[in-house]
Amino acid sequence: MQISENWLREWVNPALSSQQLSHQLTMAGLEVDALQPVAPPFDNVVVGEVVSVEAHPQADRLRVTSVNVGQEHHLPIVCGAPNVRVGLKVVVAMLGAKLPNGLEIKRAKLRGVDSFGMLCAAQELGLSPETEGLLELPEDAPVGKNIREYLQLDDNTMEFGITPNRGDCLSVLGMAREVAAFNGLSLTWPQLNPAIENCPERVEVSLKSEACPRYLGRIIKGISPNAPSPDWLVRKLARSGIASLGAVVDVTNYVLLELGQPMHAFDLSKIEGGIIVRQAKKGEKLTLLNQQSIELREDSLLIADHKKPLALAGIMGGNDSAVSDETVDILLESAFFQPLALAGKARSYGLHTDSSHRFERGVDFNLQRQAIERATQLILKIAGGSAGQIVEETLKEALPTRLPITLRISKIKQVLGFDLDKSQVETMLLALGMQLHSNEQGWTVTAPSYRFDISIEVDLIEELARLYGYDNIPTQKPQFSLELANKAEAISTQQIKEAMLGLGYQEAITFSFVDPKIQQVLAPQVATLNLANPLSSELSAMRTTLWAGLLSAVAYNQNRQQNRVRLFEVGSRFIPQKDGSLTQEMMLAGVITGEVLPEAWANKSAAIDFFDIKGNVESILALTGTSDTVSFKSAQHAALHTGQTAAIIDEQQNVIGYVGKLHPQVQQSLELQGAVFVFELLLAPLLSTKVPKFSELSRFPMVRRDIAVVLDATIQASDVLQTARQAGAELLQNVWLFDVYQGTGIAEGKRSLAIGTHWQRHDRTLQDEEIKAGVQAIVDALQKQHNAVLR
């Protein structure tokens, strides 16, 4: 929207410069996109009157004029404009004047005749890009008056970028309300006296659609069809980007800009019967003012008479009923149309008009009578005529309602972050035209009829923030406590994933739905939950083990010549319970096959074995700090090879997972190549870690002693190490297995285990007798608990 700054200041004139006013409106959410002067700077230019015109003695195209500029003597000025004539009011650049094109007016001699000034065209003043002849002024223009003052050239055009929610600001009145509210001023309304109704004729109005709940019409007869619009009206329209099209149309455009109420004038002689506001009928056609012929849709709202459509309601009038140069009787229309009923209708016909732009956003539904009275006043003043009675039809139940909104003082503080004084809140809301009723918690507020954007409490709080000024809202640093909360020692799933990547694995993400045949092979003892509507038969069961997806991925890779595969996955498994419930557990699973190291000139070829994957699992346990409390026990699993399967057991003796070699029959059924090793364990026990404790390094030497014992081959090395660790007590710093031997010199069913031990004290050097006693304690414990014999 574009309006004249001077026009705005006629309504409200704050003590602000143009730039300050623009900034204030922009900060209020009514962005000023452009502020442009209506004329470039120039001075010493006045209104003059041509007193005489004589032919130039030495030039056929020049005239010698005598011009009255309000001084004692008339000025002789040579002029070549074709429209110069006696009695013409013109623009005169006096001696010393500086024009926008850089020309400075000096006394000159043109073809032997002295000239004391210049008669100006609009182009020479920067008022128009192209003109022919002199700029002609009205006959009542006061001689000698400064032209900038007379034409109000010390003015700016203000172009606004109004957001769709602020349709109330698409007028001078709307902008003036905002300026008045921000500056604590009152509006200066134009004097409006209801027209004398001296025309007996009236029009009958019928409303057939709730899309138009209010329609006002008034007949004005006997207007002068060729009455020119006054200069002030043409000037205001031009500075708003609207060309003059005749007195009646200019007035309706003026009221639209001034009050924000779109209006239309019909040629009364073209109306047959009364006015009917209705929906279009199938097959109806209408030629619009822009000469566009359209076929109307049944969802379009029409202004019609008893025989034909007259206008596309709220969008554009029809060409056949338009006011013309022969029109002497008119019907003025002022109506309210529901915003939702008109939303998108103009665009559907390829149109966008000032009327549709406003009606789609919401026009004050109490403005129509004031607007039609204002238009009547101006038409009678400019074009004459006699006004008839205003005919108003209203569908009260279809008019918008403004429901009371509860505004709480506590909510204002919560949203804005600072306190507003109660009297200050009331002053601001009243300035915005709100109706208030105070209560204990705050107020009950009713928005005015022109504010379609206010419906809930936060809308009112936003208005308070705007009026208070965004720049004035205090800056407050956030308040927070630096106390650290207790947090259990733990690692994240991401850390475990990164550790697996460091071990050479690649993360896989497989479906939670698996082939029930594969699942039956891997976990025949576990019940399966089958889907009622599976994606396919191969994805019809909820997985009870992550191996189902991972082994399918291994087969897929092997079929594409990828023989060395290392995959892991973190995901859920789903275990049906006897009571019908479903247990969902997060698991960490992995699978490896192929060579230990990638093929390279420096790498020796070696196939992976059970201890490779077991070592990977131990690395993850070491990361979580649970390697000392978790043990590996020989176990049986339906999908794993007997003798190369271990259960992973926590310190509460709960099985948390399995690791081992895939059974040959399972491997064959899944069409896998080579030895395949897998592991799977619960993720939750891995996430809780032990709190690290500092242990001071001893300054005294550490002593190593090795022990070799012979015992049954069925006894696990981990049990032997645990027994040695307990027997060594606090002097034993470390114990480990470094050799296993079966063969010559060892009885069948037996094996030799070689154990390394480190002994040390922190306060002194150990005596040899102390070390011997510690070693003997370990030997005795192994003999007692495992029937071990010192080798």
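Ser4, Asn6, Trp7, Glu10, Gln152, Asp155, Arg235, Lys236 and Arg239 line the largest cavity of this predicted model. A cavity is a set of points on a 1 Å grid over the protein atoms alone where a 1.4 Å probe fits but cannot get out, and lining residues have an atom within 4 Å of a point. The volume of the largest cavity is about 30 Å³. Volumes are the space filled by probe spheres set on the grid points, which are joined across faces, edges and corners. One cavity of 30 Å³ or more is found in a search of the whole structure. Helices (H or I, at least four residues) and strands (E, at least two) are DSSP runs, numbered from the N terminus. The largest share of this lining comes from α1, with three residues. By class, the lining of the largest cavity holds one nonpolar, three polar and five charged residues. Here Ala, Val, Leu, Ile, Met, Phe, Trp, Tyr, Cys and Pro count as nonpolar, Asp, Glu, Lys and Arg as charged, and the others, Gly among them, as polar.

Residues are numbered from 1 along each chain as its sequence is written. In this predicted model, local features need pLDDT of at least 70 and side-chain atom pairs count only at pLDDT 80 or more, while totals for chains, interfaces and linings use all residues; side-chain values use heavy atoms, with hydrogens and water left out.

Helix α5 also contains Leu233. Leu233 is buried, at 1% relative accessibility. Buried means under 20% relative accessible area, exposed over 50%, and partly exposed in between (1.4 Å probe, protein chains only). Leu233 lies 7.5 Å from Tyr254, C-alpha to C-alpha, at a sequence separation of 21 residues. Tyr254 belongs to a cluster in which ring pairs link it with Trp7 and Trp232. Rings of Phe, Tyr and Trp (its six-membered ring) pair if their centres lie within 6.5 Å; planes under 30 degrees apart count as stacked, over 60 as edge-to-face and the rest as tilted.

The pockets were examined next. A pocket is an open set of points with protein on both sides within 12 Å along at least five of seven lines. The largest pocket has a volume of about 1,300 Å³. It is lined by 33 residues, of which Lys614, Phe632, Gln716, Ala717 and Ser718 are the closest to its centre. At least two lining residues each come from α17 (610-624), β32 (631-634), β33 (640-649), α20 (717-728), β37 (732-741) and β38 (750-759). The most, six residues, come from α20. The lining of the largest pocket comprises 13 nonpolar, twelve polar and eight charged residues.

The second largest pocket holds about 950 Å³ of space. Among its 44 lining residues, Val249, Thr252, Asn253, His264 and Leu289 are the closest to the centre. Elements supplying at least two residues each are α6 (247-259), β14 (263-267), β19 (309-312), β20 (316-317), β21 (329-336) and α9 (354-361). Helix α6 gives the most, with six. This lining has 25 nonpolar, 16 polar and three charged residues.

Strand β14 is mostly covered, with five of its five residues buried. Met263, Ala265 and Asp267 point one way from β14, and His264 and Phe266 point the other way. Strands β14 and β21 run antiparallel and are joined by five bridges; strands pair if DSSP finds at least two bridges between them. Ala265 stands opposite Leu332 in β21.

The structure holds ten aromatic pairs. Phe365 and Phe452 form an edge-to-face pair, at 6.4 Å centre to centre and 85° between the planes. Phe365 lies in the loop between α9 and α10 (368-383) and Phe452 in the loop between β26 (442-446) and α13 (457-468), so the pair ties together parts 87 residues apart in sequence. Phe365 is buried, with a relative accessible area of 7%, whereas Phe452 is partly exposed, at 27%. Tyr505 and Phe679 form another edge-to-face pair, with 6.5 Å between centres and 80° between planes. Both residues are buried.

Charges also sit over rings (NZ of Lys or CZ of Arg within 6 Å of the ring centre and within 35 degrees of the ring normal). The charged end of Arg177 sits over the ring of Tyr450, 3.6 Å from its centre. Arg560 lies over the face of Tyr556, at 3.6 Å from the ring centre.
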